[in-house]
Amino acid sequence: MGLKNKKLQKGKKNSLSGAAATATEAGEDRITNLPDCLIHHILSFLQLKYIVRTSILSKRWNCIFTSIPIIDFSGLEEMRPKMFMDIVDKILHLHDMSKIDKFCLDYSDYLRPSKVNLWIYAAIKRNIEKFDLTLVQEGGGPIHIPLSLFTCESLITLKLDICTRMYLPKYISCPRLKHLQLCEVDFSDKYNSEQLFSNCPVLEELVLQDCDWWGMRNFCISAPALKILKIWGVIDHSRWYNPYRLQGCALKVDAPNLVSLSYKCGLAKEYVASSFQTLVDADLDFNFVKYACDATRRVL
């Protein structure tokens, strides 16, 4: 029996090696014959400019390119703004209506806000799950992100980092959103802050970085499923004496399932917190400077 099995295994190896040799001699393209999902996974490790080049290989590769589920427009800073906008327009126009898992755009020069909003709409139509937008809008006015992004039912991860300033709608209502990072947002009293995050029932991570609460008396973070909270400000000693960041504002945190808290920002007027019975670690840095010290600060 043992000798027979060895002969069978040897025969299988010979047949496989023979098939491989025949395929090689015939010039068979084994990668092209892979399922779309595997090719998409391979392409996800490449920069967009290399993915675009694959579209000229054959008709099938052109179809593969127009249905990629990950679209990453980072690493293209050498392009001038007009060329960059034309490239984004063309790729989104060629893309079919198949689902986009991740959309990332990172650019350090001014882009027309109307163009940016059209790209956002295109991603939403394709049931985007991860959306990452990083822009440096020097010389431009504030960005008003369309409401439809903040009510997107498919969204799981959202990161917005836009310089200059950015304004949010009055509420965020994303039923699947778990990770939210907002940078350089201007909050104001027009927000009902208690409802701002409360309509995201599965939100687990919230990062607020370099945001302003100018003139706000109260700001409430209410998120029942929240596990990770980070509030970070940029240390700029020339600005601490102004009513800037959270100064003059009472900060309330209602997150009964919070596990990790990182606070690196100026002192708020007052802190009101729910009982953090599940809290495991806390990293607090109040950035004490000459103009920020106030003996009346208190934590409840």
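Mentor: Start with strand β6, residues 179-185. Five of its seven residues are buried, so β6 is largely enclosed by the rest of the structure. Keep in mind that this is a predicted model.

Trainee: Which strand is joined to β6, and by how many bridges?

Mentor: Strand β7, residues 205-209, is joined to β6 by five bridges, and the two run parallel. Leucine 182, for instance, has leucine 208 in β7 as its bridge partner.

Trainee: What about glutamate 184, is it buried or exposed?

Mentor: Glutamate 184 is buried, with a relative accessible area of 13%. The residue is found in strand β6.

Trainee: Back up a bit. How many helices and strands are there in the chain?

Mentor: The chain has seven helices and 13 strands. It has 300 residues, and buried residues make up 41% of them. Of the contacts with a separation of 6 or more, 58% are between residues 24 or more positions apart.

Trainee: What average pLDDT does the chain have?

Mentor: The average is 79, and 73% of the residues score at least 70. Over residues 15-25 the pLDDT is below 50, and that stretch has four contacts in the model beyond near neighbours in sequence. Residues 290-300 are also below 50, with 17 contacts counted in that way. Where pLDDT is low, the predicted coordinates should not be read in detail.

Trainee: Noted. More strands, then. What is the order in the open sheet of three?

Mentor: The order is β8-β10-β12, with parallel pairing. β8 (218-222) and β12 (270-273) stand at the edges with a single partner strand each, so one side of each has no neighbour in the sheet. From one strand to the next, the twist averages 10°.

Trainee: How many bridges join β8 to β10?

Mentor: Five, and β10 covers residues 250-254. Phenylalanine 219 stands opposite leucine 251 in β10.

Trainee: And which strands pair with β11?

Mentor: Strand β9, residues 228-232, pairs with β11 in the parallel sense over five bridges. Strand β13, residues 281-285, also pairs with β11 in the parallel sense over five bridges. On the β13 side, serine 260 is partnered with aspartate 281.

Trainee: How many residues of β11 are buried?

Mentor: Four of the five residues in β11 (residues 260-264) are buried, so the strand is largely enclosed by the rest of the structure.

Trainee: Helices now. What length should α5 span?

Mentor: Helix α5 has 14 residues (81-94), which should span 20 Å at 1.5 Å a residue, and its end C-alpha atoms are 20 Å apart, so the two agree.

Trainee: Which residues of α5 are buried?

Mentor: Phe84, Met85, Val88, Ile91 and Leu92. Seen down the axis of α5, the buried residues fall within an arc of 135°, so they line one face of the helix. On the other side, Lys82, Lys90 and His93 are exposed.

Trainee: What do the buried residues of α6 pack against?

Mentor: They pack against α5, β2 (102-107), β3 (130-136) and β4 (143-144). The buried residues of α6 include Val116, Trp119, Ile120 and Ile124. α6 has 13 residues and reaches 19 Å from its first C-alpha to its last, close to the 18 Å expected.

Trainee: Where does tyrosine 121 sit, and what is it in contact with?

Mentor: Tyrosine 121 is in helix α6, residues 113-125. Apart from neighbours within four places in sequence, tyrosine 121 is in contact with Pro146 and Ser148. The C-alpha atoms of tyrosine 121 and serine 148 are separated by 7.7 Å, while the two residues are 27 residues apart along the chain. Tyrosine 121 is partly exposed, with a relative accessible area of 37%.

Trainee: Last one. Where is asparagine 127?

Mentor: Asparagine 127 is in the loop between α6 and β3. Its phi is near 55°, a positive value in a residue other than glycine. Asparagine 127 is partly exposed, with a relative accessible area of 42%.

Terms used
Residues are numbered from 1 along each chain as its sequence is written. This is a predicted model: local features need pLDDT of at least 70, side-chain atom pairs count only at pLDDT 80 or more; totals for chains, interfaces and linings use all residues. Side-chain values use heavy atoms; hydrogens and water are left out. Two strands pair if DSSP finds at least two bridges between them. Axes are lines fitted to C-alpha atoms, for helices over the stretch in contact, and angles run from 0 to 180 degrees between N-to-C directions. Buried means under 20% relative accessible area, exposed over 50%, partly exposed in between (1.4 Å probe, protein chains only). The expected span of a helix is 1.5 Å times one less than its number of residues. The arc is that of the directions from the helix axis to the C-beta atoms. pLDDT is the predictor's confidence in each residue, from 0 to 100. Contact means heavy atoms within 4.5 Å.
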